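These are my notebook entries on one protein chain. I record what I looked up, in the order in which I looked.

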Amino acid sequence: MRLFVFFDLPTGTKKERSHATRFRNMLIKNGFTMLQFSVYVRVCKGQDMVSKYLDITMKHLPPKGHIRAMQVTDKQYERMHILIGEETVEEKNVGVQQLLLF
């Protein structure tokens with residue numbers, strides 16, 4: 001299962017940039033990897049782990065901006081289409097990780 005966090009945070013002032021940086025660093029500290037700018041994803045083993053990291057994320061929300069979270073199964077993640085650009089290392093390893101889980 002994957003937990004995605006999408007965000008669009010204001011960065012017009014020094015304080016807003018600080019909030020955005022702290023939020024992004026919190027995601028990285030908690031195992032999220034950057035899929036694209038402002039799109040982070042984390043592998044979770046089950047619903048309990050998704051709930052845990054969703055709670056952690058919600059406890060560290062900046063005061064302003066737009067943030068969305070979405071969970072998808074590994075099967076749904078595998079069906080993601082890359083329209084332009086290259087696969088990340090994580091995307092290349094999806095098939096290998098699936099084999100390791102079974």
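I began with a definition: a polar contact is a pair of N or O atoms within 3.5 Å; within protein, one must be able to donate a hydrogen and the other to accept it, and residues adjacent in sequence count only if both atoms are side-chain atoms. I then noted that this is a predicted model, in which local features need pLDDT of at least 70 and side-chain atom pairs count only at pLDDT 80 or more, while totals for chains, interfaces and linings use all residues. Residues are numbered from 1 along each chain as its sequence is written, and side-chain values use heavy atoms, with hydrogens and water left out.

**Entry 1: the whole chain.** I found five helices and four strands in the protein chain; helices (H or I, at least four residues) and strands (E, at least two) are DSSP runs, numbered from the N terminus. I wrote their order from the N terminus as β-α-β-β-α-β-α-α-α. Of the 102 residues, 30% count as buried; buried means under 20% relative accessible area, exposed over 50% and partly exposed in between (1.4 Å probe, protein chains only).

**Entry 2: Thr57.** I located Thr57 in helix α2 (residues 47-59). Is Thr57 buried or exposed? I read a relative accessible area of 5% for Thr57, so this residue is buried. The side chain of Thr57 reaches the backbone oxygen of Tyr53 at 2.8 Å. Contact means heavy atoms within 4.5 Å. Leaving aside neighbours within four places in sequence, I listed the contacts of Thr57 as Val5, Phe23, Met26, Leu27 and Phe32.

**Entry 3: strand β1.** I next examined strand β1 (residues 2-8), which is largely enclosed by the rest of the structure because five of its seven residues are buried. Two strands pair if DSSP finds at least two bridges between them. I noted five bridges from β1 to strand β3 (residues 39-43), an antiparallel arrangement, with Leu3 opposite Arg42 in β3. I also noted that β1 pairs with strand β4 (residues 66-72) in the antiparallel sense over seven bridges; there, Phe7 has Ile67 as its bridge partner.

**Entry 4: the nonpolar cores.** A nonpolar core is a set of buried Ala, Val, Leu, Ile, Met, Phe, Trp, Tyr and Cys residues joined through side-chain atoms within 4.5 Å. In the largest one, of 14 residues, I found that Leu3, Val5, Phe7, Phe23, Leu27, Phe32 and Tyr53 touch the most other members. At least two residues of this core come from each of β1, α1 (14-29) and α2. Helix α1 gives the most to this core, with four residues. A second, separate core has six residues, including Phe4, Leu35, Val72 and Tyr77.

**Entry 5: aromatic pairs.** Rings of Phe, Tyr and Trp (its six-membered ring) pair if their centres lie within 6.5 Å; planes under 30 degrees apart count as stacked, over 60 as edge-to-face and the rest as tilted. How many aromatic pairs does the whole structure hold? My search gave four. The rings of Phe7 and Phe23 are edge-to-face, because their planes stand at 85°, with the centres 5.3 Å apart. This pair links distant parts of the chain, with Phe7 in strand β1 and Phe23 in helix α1, 16 residues apart. Phe23 is buried, with a relative accessible area of 1%. I recorded Phe7 and Tyr40 as a stacked pair, 5.7 Å centre to centre and 25° between the planes. Both Phe7 and Tyr40 are buried. Lastly, I noted that Phe4, Phe6 and Tyr77 form one aromatic cluster.
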